[in-house]
Amino acid sequence: MRYEVRITGLGGQGAITAGHILGRAAAIYDGKEAVVTEGYSPYITGGWSRADVIISDETIDYPLITKLDVLATMYDEGFVQNLRHVKRGGVIVTVKELVKHDSQDHKVLPVPAIEVAESLGRKIVANIVILGAIVAVLGTPSLESVEKALADRFPKAADLNRKAVRQGYSIASELLASIGVSGRR
Amino acid sequence: MTQVVKAQRHPRDRLLRSERLPHIWCPGCGIGIVMAAYADAIEASGIPPEKHVCISGIGCTGRVSGYMHLDSFHTTHGRAIAFATGLSLVRPDLEVTVISGDGDICTIGGNHLIHAARRNVDINVIMVNNFNYGMTGGQHGGTTPLGAKTYTSPYGNFENPFNIPYLVAAAGASFVARWTTLHVRQLINAIKRMMSVEGFAFIEVISPCPPTFGEFNNFPEALDMMEYFRKHSVVDHNADLSKIDIRLQGEPLVVGNFVDRRRPSYQELIQETIRRASGRGEGI
Amino acid sequence: MSSGLPRPGVHFMMGNFACVEAAILAGCRFFAGYPITPSSEIFERACVRFPQVGGIAVEMEDEMASVAALIGASYAGAKAMTATSGPGFSLMMENIGLAFIMEAPIVIVNVQRAGPSTGIPTLIGQGDVMQARWGSHGDLETVVYAPSSVQEFFDLTIRAFNTAERLRTPVIVLADQLVGLMWEKVVIPPAEEIEIVERKVMDPRLLSTRLPFDYSADVNPMPIVGTGCRVNIDSLTHDERGYPTTSQEVSDRMLRYLLGKIRNHARELWMYKEFMTDDAEVVVVAYGSTARSALNAVKQARSRGIKAGLLQLITIWPFPSDVIERLSQRVNVLVVPEINFGQLVHPVREHAKCPVIEVNWAPGSLIEPNVIVDAVEVAAA
């Protein structure tokens with residue numbers, strides 16, 4: 001099974017970092033194949049950035065996205081800009097506080113990532129909350145693997161990140177249940 | 001009764017590939033004098049020949065490396081200094097000397113020259129300046145005086161030349177000198193000094209080039225330019241380098257060991273970096 | 001204190017980083033470079049990692065200087081490398097020729113971007129295939145490997161050093177922007193399990209009875225500076241003593257020796273992978289990142305009932321002519337997709353015994369599988 005995810009945000013929001021953790025967790029701790037590619041707006045600072053993550057049980061041939069299973073956007077315009085890449089019935093995870101758009105053709109999960117991050121005392125972990133939500137939607141890699149990948153990349157923030165990723169995961173699981181979708185596909 | 005003594009061996013034979021002689025240089029050319037001075041300096045340096053490396057670029061002077069019985073490299077046009085930088089970084093214990101012409105070192109290779117001087121790479125550079133591209137038959141270059149005639153400046157050169165010692169000193173070299181092929185003893189001493197300098201050591205050697213440059217610029221015979229050196233050379237180790245450009249119009253031809261200063265060399269700074277970084281690898 | 005060597009095991013790494021770790025394991029301790037997108041991560045990581053293992057990584061003033069410095073470092077006994085992209089690769093051509101005639105083992109990594117000229121620095125291209133082979137003037141042979149994944153980038157960097165050392169010649173790793181910047185799984189073996197080739201070094205004592213160059217030899221041992229060899233190494237055509245010559249006869253001997261080092265070893269240099277070619281009627285011939293799209297396309301074609309296969313060329317120079325000849329005798333059509341307007345398709349056509357269809361894709365993005373599928377369908381019809 002091949003999963004395609006795009007995580008996009010504005011400079012400094014940590015979208016790329018979240019993508020790397022996702023790929024790293026799948027490749028190193030879940031024994032999966034994974035590819036992460038990055039994209040940037042032409043502005044040196046302040047523009048959008050994105051990480052495209054492909055996760056698969058088998059060798060990944062074509063390494064770029066074709067149709068997204070999950071789009072996660074951390075800014076409002078990112079919703080519109082990337083909507084055409086999301087497959088019909090695909091999931092769009094948003095930062096609830098920043099993204100106002102909606103779509104009838106997709107399952108939209110507004111995750112209050114900033115609220116959660118602030119409740120943990122560090123607004124900068126909003127990306128990790130979103131990461132937890134993505135993992136809940138995908139069902140792969142395992143939450144444990146993501147926690148391990150976080151801990152080895154950011155050993156000093158392991159505790160904070162674990163809380164953030166778990167909260168994102170449980171919020172998304174509840175949202176999925178409320179719209180009648182089982183998280184682990 | 002007069003006895004003819006036939007020398008079987010030249011005193012510098014052990015440093016020369018004598019089987020390659022005679023050399024390709026024209027009668028009256030000054031490059032042989034510079035090569036002999038380099039050989040004398042090697043002998044005087046006390047550093048054994050196998051620890052000397054001679055590197056040249058392309059051109060008449062570029063042929064020096066091939067005549068020296070050392071580890072020698074005849075590289076690409078203009079790139080000798082960059083080549084020497086890589087070699088010397090890996091083997092900082094060796095005495096690396098670049099010998100090449102003015103076109104090679106400061107025109108096509110000018111960027112490498114200024115950056116090596118800026119970095120203070122611990123190598124020696126002997127640049128023989130004969131004011132033109134000799135091997136290709138006499139074209140103007142970055143050292144050709146304003147107004148001088150060559151095959152590519154037939155109406156007189158309309159470019160201003162570099163004042164090379166000024167340039168190299170400004171870029172940061174530890175040692176900068178200029179001598180002519182008339183000043184053999186001073187030249188040998190300067191080259192010997194270069195070999196003990198830590199950092200970029202540079203010498204410009206003004207040399208006659210009778211058949212190509214001299215022919216069109218009033219120095220047609222081998223001795224004409226030597227005579228010019230004799231008449232106009234002024235030794236001034238403390239010269240104001242901004243004022244020592246060469247016009248060949250009878251102005252003072254200022255020579256001397258202008259700069260001799262201690263600055264950290266590139267090799268020293270890199271070794272220091274390695275000391276600070278080594279063992280820091282977390283085994284990624 | 002850490003050895004600084006990369007930890008064996010499974011890593012998740014950028015291609016450009018994997019290249020540096022491979023170089024370190026291959027024994028490379030000298031890097032000279034000049035920043036250029038999209039290869040700069042190689043240079044940057046070398047600047048961090050090389051000093052940690054006692055190596056040197058320096059920035060030169062341009063790419064001509066970089067390669068000149070590599071050759072100097074190589075003759076000083078070091079394994080040496082640089083990394084660049086199109087515009088820098090153009091500047092390197094001069095001294096790649098020097099490395100060839102001086103028989104200096106060096107490794108040049110070209111992370112290809114879109115060209116020509118400054119092109120699109122941040123996006124993929126495969127336009128330097130012919131330049132890697134023919135870009136430097138005069139007759140020369142180059143060895144060129146094209147990775148299609150981070151793991152291959154790692155493996156081929158080590159192989160590039162081994163080939164360079166064994167044949168005393170410059171070797172090029174022709175990567176591309178996608179392989180360079182993508183993050184992927186890479187398995188780093190324990191250092192002791194990695195085959196490392198070291199050059200044969202000239203024993204100065206032998207020089208009293210033999211000349212430094214023997215043009216009937218396979219590969220001559222290398223005189224390293226400071227060991228007492230005192231050999232002349234020349235960019236001019238040179239005889240068995242290392243002295244410049246204008247003799248056409250010596251030119252013939254020297255060139256046959258230099259070219260022969262690669263031509264005589266071509267078969268052992270050829271690396272390629274075959275996917276589903278056993279019963280294939282249409283085979284896609286691809287290299288680098290394009291091979292990934294091609295594999296996807298071949299699977300799609302199979303699902304539509306077309307007997308398609310993939311030949312992934314890993315060694316692109318010396319060109320694996322026999323591989324193409326052999327394969328083309330049992331298939332109907334070869335399809336050659338490239339992110340350029342027709343480069344490697346030319347030697348494919350030269351050696352193929354069957355029709356060859358080229359699929360061209362402008363540099364700027366990875367060729368899409370559906371474009372290759374379309375060509376395969378046409379070929380099968």
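**How chain C meets its partners**

In this predicted model, 14 residues of chain C are in contact with 15 residues of chain A, where contact means that the C-beta atoms of two residues, placed from the backbone, lie within 7 Å. Four elements of chain C each give two or more residues to the side that touches chain A: strand 1 (9-14), helix 7 (177-181), strand 9 (183-188) and helix 10 (290-303). Helices (H or I, at least four residues) and strands (E, at least two) are DSSP runs, numbered from the N terminus. Helix 10 of chain C supplies the largest share of this side, four residues. By residue type, the side of chain C that touches chain A holds nine nonpolar, two polar and three charged residues. Here Ala, Val, Leu, Ile, Met, Phe, Trp, Tyr, Cys and Pro count as nonpolar, Asp, Glu, Lys and Arg as charged, and the others, Gly among them, as polar.

Strands also link these two chains. Strand 2 (residues 33-40) of chain A and strand 9 of chain C run antiparallel and are joined by two bridges; strands pair if DSSP finds at least two bridges between them. A:Val35 has C:Glu184 as its bridge partner in strand 9 of chain C.

Turning to chain B, its contact with chain C takes 39 residues from chain B and 47 residues from chain C. Helix 3 of chain B gives the largest share of the chain B side, eight residues. That side divides into 15 nonpolar, 16 polar and eight charged residues. Strand 2 of chain B pairs with strand 10 (residues 232-234) of chain C in the parallel sense, over three bridges, and B:Ser72 stands opposite C:Asn232.

Residues are numbered from 1 along each chain as its sequence is written, and chains are lettered from A and ligands numbered from 1 in the order in which they are written. As this is a predicted model, local features need pLDDT of at least 70 and side-chain atom pairs count only at pLDDT 80 or more, while totals for chains, interfaces and linings use all residues.
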